[in-house]
Amino acid sequence: MESTVSFLGSSIEFASKTEAAQLLGTSDAFSESMSAFDFSAKNENPFKNTEKDYLLFAAEQAKEWSTSDINDTKEVMKKIEEKVLKLGLKLKLPNTITLVLSTCAEEGGAEGYTRENYIVFKNKPSEHLFLHELWHIISRENQSLRDAAYEIIGFKKTGRIQFPAELESLRITNPDAPFIEHTIDVEIGDETKEVAICTMASAPYSEGSFFKYLMIVLYEATSIDGQMTLISSPPYAIDKVQGFREKIGNNTNYIIHPEEITAEHFTMMVMESDVKSQQQIDELKALLQK
Ligand SMILES: [Zn+2]
């Protein structure tokens, strides 16, 4: 590895371009779980629609870290480490976390995302971005902690939820949270419904970033023969249900998955940001101080 630095008991490695290409081109839980829409959209080509196409394209996006960007990122990590220690957080990190630099064209031009135990950045990260992505690494490493963190915002663990065939091809998969395994109860009229947040494409892929196709909707989920499955009746719009915002809080509009809401709460907690819904932040802090 080009450069290694110790961080909160973990070893952070900056991947060379060759190492980055190797990681980005290797199949994992995320690439294996992508839908037909994902493959076309993330290759930005409707005719390149296999996992192999995706992995080849992703590997080609690898970039080299510059020495000055490595030094700036080390400064960011130092500041985060001070804040985490001051707050008394006991973060359980994997032994190694690898930082990859990429054009991020393989993820629609996102600023950053994670797979396995590596974080992919488009540019040297800010403190906010580093913390957000760090949460995903912590969450992937500690599934029971993740479930407890999601409970703070009203989500309960259900086991992996399947998409019916008619929804499957338009599913958009988030590398930070490739699966839907938690539901939340909301009120619709005078009924309580168990729903999952789903990211779906508005149409089959033709061109451009997947972000312009992205719809965030709530599908009702139910157990069929012991398997949690989405019900493919029309989804609910988030602003049409009651009880959702009360549970997740009013701190962020990045609500595409409980994992992303929690990553934002984690970031706000460490940065001690002013927030609208303090309770969820305080509960997450208490959980991470244990
Ligand atoms: Zn994220």
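Guide: Two strands count as paired if DSSP finds at least two bridges between them, and the elements themselves are DSSP runs numbered from the N terminus, namely helices (H or I, at least four residues) and strands (E, at least two). This is a predicted model, in which local features need pLDDT of at least 70 and side-chain atom pairs count only at pLDDT 80 or more, while totals for chains, interfaces and linings use all residues. Residues are numbered from 1 along each chain as its sequence is written.

Visitor: Which residue is the bridge partner of Ile-184 in β9?
Guide: β7 and strand β8 (residues 182-188) pair in the antiparallel sense over three bridges, and Phe-155 stands opposite Ile-184 in β8. On to the next pairing, β8 and β9 are joined in the antiparallel sense over five bridges. There, the bridge partner of Ile-184 in β9 is Val-195.

Visitor: Which residue in the turn of the β8 and β9 hairpin has a positive phi?
Guide: The hairpin of β8 and β9 has two residues between the strands. The positive phi in its turn is about 60 degrees, and the residue that takes this value is Gly-189.

Visitor: How many bridges join strand β9 and strand β10?
Guide: Strand β9 covers residues 191-201 and strand β10 covers residues 214-224, and the two pair in the antiparallel sense. Within this pairing, Ile-197 has Leu-218 in β10 as its bridge partner. The number of bridges between β9 and β10 is seven.

Visitor: Which residue takes a positive phi in the hairpin of β10 and β11?
Guide: β10 and β11 pair in the antiparallel sense over four bridges, and Ile-224 stands opposite Gln-227 in β11. Two residues lie between the strands of this hairpin, and the one with a positive phi near 50 degrees is Asp-225.

Visitor: How far apart do the C-alpha centres of domain 1 and domain 2 lie?
Guide: The domain assignment, whose bounds come from an automatic or database source, gives domain 1 (3-142) and domain 2 (145-289). The contact between them takes 34 residues from domain 1 and 31 residues from domain 2 (two residues being in contact if their C-beta atoms, placed from the backbone, lie within 7 Å). The C-alpha centres of the two domains lie apart by 22 Å.

Visitor: Which element gives the largest share of the side of domain 1 that touches domain 2?
Guide: The elements that give two or more residues to this side are α2 (29-33), α3 (36-42), α5 (67-86), β5 (112-115) and α6 (127-141). By class, the side has 15 nonpolar, twelve polar and seven charged residues (Ala, Val, Leu, Ile, Met, Phe, Trp, Tyr, Cys and Pro count as nonpolar, Asp, Glu, Lys and Arg as charged, and the others, Gly among them, as polar). The largest share, seven residues, comes from α6.

Visitor: Are α7 and α11 roughly parallel or roughly antiparallel to each other?
Guide: The axes of helix α7 (residues 143-152) and helix α11 (residues 278-289) come within 9 Å and cross at roughly 160 degrees. Angles under 35 degrees count as roughly parallel, over 145 as roughly antiparallel, 65 to 115 as roughly perpendicular and the rest as oblique. The two helices, α7 and α11, are therefore roughly antiparallel.

Visitor: How are α10 and α11 oriented to each other?
Guide: Helix α10 (residues 258-271) packs against α11 at an angle of about 80 degrees, with the axes 9 Å apart. His-265, Phe-266, Met-268 and Met-269 in α10 meet Gln-280, Ile-281, Leu-284 and Lys-285 in α11. From the angle, α10 and α11 are therefore roughly perpendicular.

Key: Axes are lines fitted to C-alpha atoms, for helices over the stretch in contact, and angles run from 0 to 180 degrees between N-to-C directions.
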